[in-house]
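Reader: Could you walk me through this structure? I would like to begin with the strands and then turn to the loops.

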Amino acid sequence: MKYLVGDIGATWARLAVASESTLLAKEVVPLARFGSAVELVRFALTHFDLKEVSGACLAVAGPASEDGISITNGSLEFEADQLTRLLGTHTYLVNDFCALGHAVPHLTNLFRLGGGAEQGRGGKALLGPGTGLGMSILVPVGERDWMVVPSEGGHADLAAGSPLEQELVGVLHSRFEHVCWETVLSGSGLVNLYRAVAAIWGAPAEDLTPEQVSSAGIDISDPMCHQTLELFCGFLGAAAGNLAVTLCAQGGVYLGGGILPHLRDFLAQSAFRRRFEERGAVSQLIQPIPVYLIQDQQPGLLGAWRCLLTRLRQA
């Protein structure tokens, strides 16, 4: 039996064909090539030469419903019934970070950012900036299994942790109707943060991409980009700490998304861990919690496949 799985963001579609025991073949394509979800799935069938599939799971960057998913920062809409008819088998549509949560117990390449050892079978928290800011949590079930709970916490109101951050939030509110964690913790968020820093400096903001902001911030070739990246890491630490204290994530916090692996060394030297641990009266509870940066290749596909196997067992 062969299965079709996908990890689909606003920019890239990662696709794979899998068996019951492994991912067999993978492909990454720009989402802009496709005018609809049907076109994308038909491409996958042709590319992998799939005559039939025994199940499918597509992890999409948006909130899931029974009927389907629309990409939050994109235009494609995925309808479960339509894709089920196309594939001739039930198609599961799940949030991308819900799928990634299914990969967490199976990850093998992790970089620890402080904290101690995991404490028994405590809950795990997952978040990560990419095109947006994804979140999910893992709750232990029995001795081995996990229940993954999706979250749209990236759209919760952004909280400032210093006078400078309060000033930045004020600048952002002058530009956006709703200022949330994703407003600064995402690819476009990095640019938003850079422009807000420029406004506070009273300096003109250049027309930079997220990659240019991060690159100039890492090598300190541009002081505004460097401060932007420091603030980005601080905000990320605060967001991760909030999620950890909300869940009491004794099993650890995991950082995913497409941005952070390129910032690993900078992140490790930044204020991230300090801001993560600054939890007031419960700081001592949070300080031992380990934070792991996910470095596995294409963990979203692994998660979509594991999610599919779980759903098929439960069907």
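**Sheet and loops**

Author: Leu-127 has Leu-255, in strand 12, as its bridge partner. This is a predicted model, in which local features need pLDDT of at least 70, side-chain atom pairs count only at pLDDT 80 or more, and totals for chains, interfaces and linings use all residues. Residues are numbered from 1 along each chain as its sequence is written, and side-chain values use heavy atoms, with hydrogens and water left out.

Reader: How many bridges join strand 9 to strand 12, and how do the two run?

Author: Three bridges link strand 9 (residues 124-129) and strand 12 (residues 253-255), and the two run parallel. Strands are DSSP runs of E with at least two residues, helices are runs of H or I with at least four, and both are numbered from the N terminus. Two strands pair if DSSP finds at least two bridges between them.

Reader: What is the strand order in the open sheet?

Author: The order of its six strands is 8-13-12-9-10-11, and the pairing is mixed. Strand 8 (110-112) and strand 11 (145-151) are at the edges with a single partner strand each, so one side of each has no neighbour in the sheet. From one strand to the next the twist averages 25°.

Reader: Which strands does helix 3 touch?

Author: Helix 3 (residues 96-103) packs on the sheet and touches strand 9, strand 10 (133-141) and strand 11, with its direction at about 45° to that of strand 10. Contact means heavy atoms within 4.5 Å. Axes are lines fitted to C-alpha atoms, for helices over the stretch in contact, and angles run from 0 to 180 degrees between N-to-C directions.

Reader: And where does helix 8 lie?

Author: Helix 8 (residues 223-247) lies across strand 9, strand 10 and strand 12, at about 155° to strand 9.

Reader: Changing topic: what is the phi of Asp-49?

Author: Asp-49 is not a glycine, yet its phi is positive, about 55°. Most residues other than glycine have a negative phi. Asp-49 sits in the loop between helix 1 (37-47) and strand 4 (56-60).

Reader: Is Asp-49 buried or exposed?

Author: Asp-49 counts as exposed, at 52% relative accessibility. Buried means under 20% relative accessible area, exposed over 50%, and partly exposed in between (1.4 Å probe, protein chains only).

Reader: What about Ile-220?

Author: Ile-220, also not a glycine, has a positive phi of about 60°. Ile-220 belongs to the loop between helix 7 (210-218) and helix 8, and is exposed at 53% relative accessible area.
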